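Here are a few notes to read with the model open on your screen. I've kept to the inside first, then the surface.

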Amino acid sequence: MSDDSDVKTDSPDAGQTAIETVLDSLDALVYVADMQTHELLFLNAYGRAEWGEIDNRKCWQVLQKGQKGPCTFCNNAMLVDAEGAATGVQVWEFRNTRNNRWYQCRDQAIRWPDGRLVRIEIATDITDLKDLQTQLTAARLQAEQLANEDALTGLANRRALFALGRSAIEQARRQGHPVALIALDADRFKRINDCYGHAAGDVVLKALAEVLRSHTRAADIAARLGGEEFAVLLPATGLKAARDLAERLRASIEALDIDYRGQRIQMTCSFGVTASDGGSATLDQLLNAADLVTYRAKAGGRNRVEDEVCR
């Protein structure tokens, strides 16, 4: 029978070894650093395979790139309260500066087996998830764009005109600014489709849209309403300025010489222009008034501009 001197007890070193064995088995980065000195005390097998050995360096020297001191994004101060007691787990996402991969980090202040207060971080690679989120965001933005964009011409569609137009008119009403609207309709467009085919008609509509784009401001809303009907909403624009623009558009469209498979196609448009002072008219009222004036332009011989105040 042995005396008490023969009884073996667990040492701090044995406890630390046991902890490190468990952490080495995780499929995630785990590191431990002194809260005061930033000395890197432990880096698990996953971390060593990616960032190398500790070699008596500090955490920012091993894990980050281009650092000459503690990281500006270090959250050690959040892991303890004013009395130095641990505050619990902090979870955040970060893109590592050495390998550019995204990690979800779980940080906590604990007592290491040697008694030191340390920061332990478990960082799981979420790069694939972030890439998927980026793809989903891009797909959502593209879907939103397609929902508000005319597929053929790239101009705003009717839905976008109403969504953006109502907002523009409300702003004009608050500021007391006028709002104008130009409606235009391609003259005898059916003849183009009948003579050259619908593909040629599409080319013509695209060319018309380019004229609208090149003559309008960023604040203006140029839209294809459907078929060969277009409209341009002009914030902070009175009737005379809108008519002047319509005349320039009419002349530019008349001057188009569109080449379609060796055939030259020309076209004209009829324009109806209306405006309201102080944003007093609704978008529906502006569109209805512009439509009536456009019919008058067609009845008057086409390829012309007519205007009338929206009442």
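Predicted model: local features only at pLDDT ≥ 70, side-chain atom pairs only at ≥ 80, totals over all residues.

1. Start with the inside. The count comes to 1 cavity of 30 Å³ or more, and the largest cavity holds about 230 Å³ of space.

2. Which residues lie nearest the centre of the largest cavity? They are Tyr31, Leu63, Gln64, Phe73 and Glu121, out of 19 residues that line the cavity. At least two lining residues come from each of these elements: strand E1 (29-34), helix H3 (59-63), strand E3 (90-95), strand E4 (102-111) and strand E5 (117-125).

3. Now the surface. Leu129, Leu132 and Leu136 make a nonpolar patch of about 280 Å². One of them, Leu136, sits in helix H4 (residues 127-147). Leu136 counts as exposed because its relative accessibility is 54%, and the cut-off for exposed is over 50%.

4. Last, have a look at Arg116, in the loop between E4 and E5. Is Arg116 buried or partly exposed? Its relative accessibility is 30%, so Arg116 counts as partly exposed. Between the C-alpha atoms of Arg116 and Ile182 there is a separation of 75 Å; along the chain, these two are 66 residues apart.

Methods. Residues numbered from 1 in each chain as written. Heavy atoms only, no water. 1 Å grid on protein atoms, 1.4 Å probe; cavity = no way out; pocket = protein on both sides within 12 Å on 5 of 7 lines; lining within 4 Å. Points joined across faces, edges and corners; volume = space filled by probe spheres on them. Helix = DSSP H or I, 4+ residues; strand = E, 2+ residues; numbered from the N terminus. Patch = residues over 30% accessible without salt bridge, like charges linked within 9 Å, V, L, I, M, F, W, Y side chains within 5 Å. Areas by Shrake-Rupley, 256 points an atom, 1.4 Å probe, with all protein chains shown as cover. Salt bridge = Lys/Arg side-chain N within 4 Å of Asp/Glu carboxyl O. Buried < 20%, exposed > 50% of the residue type's maximum accessible area, 1.4 Å probe, protein only.
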